[in-house]
Amino acid sequence: MDQSVRVRFMSEPDMIEAGVLDMEGCLNAVQDAFALLAEGDYLMGGPSENDHGHLIWFPAKKKGPRMPEAGPDRRFMAMVAYLGGDYHICGEKWYGSNIANRNIGLPRSIHSIILNDPDNIKPLAFMSGNLLSQMRTGAVPGIGAKFLAREGAETVGIIGAGMVGKTALLGVKTAVKSIKKVYIYDVFMSASERFATYAKEELGLEPVIVNTLEDAVKDMDIVHIAASGEVLPAIDTNLLKKGALLCLTGAADFTTDDWIKDCQIYADNWKLHEAFLHEMDYPREGIRDEILSWAPSAPVIDAAYQGKFQGSKVKNLGDVVIGKSPAREHQDDKIIFITSGMAVEDLAWGKKILEKAEEKNIGQMLTFWEKQYWLK
């Protein structure tokens, strides 16, 4: 019996060598994760088995001399899960987020991925997680567009020209071959210009930089939102054209409640968003506002919290993937796709990357022990 414990450490260059930037492969893994969600062959954290993650909520006023205080996108989170099927893997994505990191040349979030054998519980891999997380985040709207976008969709409106916007456009373009043109809106023109270069040179799309958020919404077949900051994008859903798909990967505000009667709502996993609803009633000052400041499903869950919207109307994308629920029923339907990011998606893509790393011996093998000290 092998009593040793060894873990494969994978740096960002190792992850690239193992294929983490392969969007086609990532789309397949994420689609598998949605199918397993629909079949119930998964677990996530908390008593609901569907928690987005376990957070360290920083207080508005520090309780210790060096304790960080609350701020935009300021948190630590452990996202834990088991994914079944052929994946059969346990793991965690651990990350911190602080928008002020940009001032010191670091990304807003820094991610680590840990994978474990579900049976003997041994750690299998410790991975640099930023690229993996960014790719699977982009794959989610890609799968959403594959199943929910209007047939022959050609135009995409991007609100928030950051890294998530880039991988989302990559995911959508890879999944929907008919996309031809992207309209780009960001509060920083320099970000829009860099994004336009990426869209043209890397994806072969025709980029159009627009000066207003509205111009990235109206007349679009697909609209994607992933903007960070203290002020959320304010969307008038009445501007969505017939047949449009709005993907919320980042938080937004809706300027009216017309979406409740005019739009169909699909979710990556409605049970996860219901968990947010329960958290809003925790006896902690400001928790509702905190959740609504960063949850991509904020306008939908807040409407449900206020009793304006019935969650029973929400359809899950996984049910569409396995054919249990219909996708777009009419070409003119307006659809809002809410997401929140799930550890099962990270595990799906992480397991595929680990398999490639094991096949090609990529990364470094680190030893915890040959035989645990107290068992000698």
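Axes here are lines fitted to C-alpha atoms, for helices over the stretch in contact, and angles run from 0 to 180 degrees between N-to-C directions. Helices (H or I, at least four residues) and strands (E, at least two) are DSSP runs, numbered from the N terminus. This is a predicted model, in which local features need pLDDT of at least 70, side-chain atom pairs count only at pLDDT 80 or more, and totals for chains, interfaces and linings use all residues. Residues are numbered from 1 along each chain as its sequence is written, and side-chain values use heavy atoms, with hydrogens and water left out.

Q: Why are α2 and α4 called roughly perpendicular to each other?
A: The axes of helix α2 (residues 23-39) and helix α4 (residues 163-175) come within 10 Å and cross at roughly 85°. Angles under 35 degrees count as roughly parallel, over 145 as roughly antiparallel, 65 to 115 as roughly perpendicular and the rest as oblique. The pair is therefore roughly perpendicular.

Q: Which residues make the contact between α2 and α4?
A: Met23, Glu24 and Leu27 of α2 meet Thr167, Leu170, Gly171, Thr174 and Ala175 of α4. Contact means heavy atoms within 4.5 Å.

Q: What makes isoleucine 104 exposed or buried?
A: Buried means under 20% relative accessible area, exposed over 50%, partly exposed in between (1.4 Å probe, protein chains only). Isoleucine 104 has a relative accessible area of 62%, so the residue is exposed. Its place is in the loop between β5 (89-97) and β6 (109-116).

Q: Why is glycine 129 called buried?
A: Its relative accessible area is 0%, so glycine 129 is buried. This glycine sits in the loop between β7 (123-128) and α3 (130-148). Leaving aside neighbours within four places in sequence, glycine 129 is in contact with His111, Ser112 and Ile113.

Q: Why does glutamate 206 count as partly exposed?
A: Its relative accessibility is 44%, so glutamate 206 counts as partly exposed. You will find glutamate 206 in strand β10 (residues 206-209). Beyond its neighbours within four places in sequence, glutamate 206 is in contact with Lys180, Lys181 and Val182.

Q: How do you know that arginine 136 forms a salt bridge with aspartate 346?
A: A salt bridge is a side-chain nitrogen of Lys or Arg within 4 Å of a carboxyl oxygen of Asp or Glu. For arginine 136 and aspartate 346, the closest N and O atoms are 2.9 Å apart, and the pair forms a salt bridge. Arginine 136 lies in helix α3 and aspartate 346 in helix α11 (residues 343-360), so the pair ties together parts that are 210 residues apart in sequence.

Q: Are arginine 136 and aspartate 346 buried or exposed?
A: Arginine 136 has 4% relative accessibility, so this residue counts as buried. Aspartate 346 is buried as well, with a relative accessible area of 0%.

Q: What makes arginine 150 and aspartate 332 a salt bridge?
A: Their closest N and O atoms are 3.4 Å apart, and the two form a salt bridge. Arginine 150 is partly exposed, with a relative accessible area of 26%, and aspartate 332 counts as partly exposed at 42% relative accessibility.

Q: How many salt bridges does the rule give?
A: The count comes to 15 salt bridges.
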